[in-house]
Amino acid sequence: MTEARGSAAPPSRHTPGTPCWVSLMVHGPAATQEFYGSLFGWEFAPGPQQLGPYVRALLGGQEVAGIGQLPPDRQLPVAWTPYLASDDIDLTAESVRLCGGTVGVGPLDAGDAGRLVIGSDPSGAVFGVWQAAAHLGTSVAGVPGTPAWHELLTVETVSVAKFYETVFGCEGEPVGSAGLDYVTLHAGGRPVAGLHGVGHALPRDRGPHWMTYFEVADVTASARLVTDLGGHVLHPPHDSAHGRVATVADPEGARFSLIENPH
């Protein structure tokens with residue numbers, strides 16, 4: 001992970017390539033809302049229903065993330081998915097295909113909120129694309145309970161970095177550290193996401209995937225609460241160069257990380 005920069009007032013419209021929203025599709029949305037409501041203090045309000053039942057998580061009345069229900073006949077992984085901003089989602093979808101990725105859903109209208117695509121990069125990691133209309137995306141950052149950083153865990157970064165650079169116009173900046181395969185993606189002149197090549201250390205049951213870091217006030221207490229709420233601690237709290245972190249999973253198995261003081 002590289003530096004995660006929070007802001008109490010994100011820009012009104014996100015620069016293309018910037019993660020602007022994060023969404024989770026689950027089998028039991030009621031239990032999932034109870035878990036994250038207890039963990040992060042989220043409240044919930046109805047959102048667009050184009051992909052089935054869907055709610056937006058609110059923190060202090062401001063939108064943070066989305067939780068939807070998986071169709072019962074679809075065996076899809078339960079995972080947090082970041083949505084990268086686009087000003088022209090049809091062009092972005094075509095670029096995804098031309099650059100070796102796939103488009104699984106969309107472009108699809110989400111009412112008057114905007115348009116979306118769900119796709120995967122050439123390594124198979126799933127991500128979303130969002131072209132904002134009425135709904136600009138996450139409207140609060142830099143406080144506990146909000147996304148602080150998004151990081152792609154993949155085998156190697158060279159080819160996948162070229163994909164995100166070409167499709168979204170991001171600039172990739174390798175981290176100059178011996179033995180570390182890490183590229184920071186920049187959009188609008190600031191770091192917005194990371195690509196971490198971990199080789200054979202990639203979990204066999206997951207393959208390449210995006211990881212969302214949520215800010216918390218106390219990682220140790222939050223990790224303990226995850227367990228109390230029926231989730232699991234995958235990597236216990238430990239200190240890093242960017243704050244104290246832990247990797248956990250919710251009761252349905254969706255993995256995410258907790259980070260303390262990421263600024």
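**Close-up 1. Buried residues of helix 2 (residues 89-98) in the predicted model.** Ile89, Thr92, Ala93, Ser95 and Val96 are buried, that is, under 20% relative accessible area, with exposed meaning over 50% and partly exposed in between (1.4 Å probe, protein chains only). Helices (H or I, at least four residues) and strands (E, at least two) are DSSP runs, numbered from the N terminus. Viewed down the axis of helix 2, the buried residues fall within an arc of 160 degrees, so they line one face of the helix; the arc is that of the directions from the helix axis to the C-beta atoms. Leu91 and Leu98 are exposed on the face turned away from the buried side.

**Close-up 2. Surroundings of helix 2.** Its buried residues pack against strand 6 (102-110), strand 7 (114-120), strand 8 (126-132) and helix 3 (158-168), where contact means heavy atoms within 4.5 Å.

**Close-up 3. Strand 13 (residues 209-216) and its pairing partners.** Eight of the eight residues of strand 13 are buried, so the strand is largely enclosed by the rest of the structure. His209, Met211, Tyr213 and Glu215 cover one side, and Trp210, Thr212, Phe214 and Val216 the other. Strands pair if DSSP finds at least two bridges between them. Strand 9 (residues 147-154) runs antiparallel to strand 13, joined by six bridges; leucine 153 has histidine 209 as its bridge partner. Strand 16 (residues 255-260) pairs with strand 13 in the parallel sense over four bridges, with glutamate 215 opposite isoleucine 259.

**Notes.** Residues are numbered from 1 along each chain as its sequence is written, and side-chain values use heavy atoms, without hydrogens and water. In this predicted model, local features need pLDDT of at least 70 and side-chain atom pairs count only at pLDDT 80 or more, while totals for chains, interfaces and linings use all residues.
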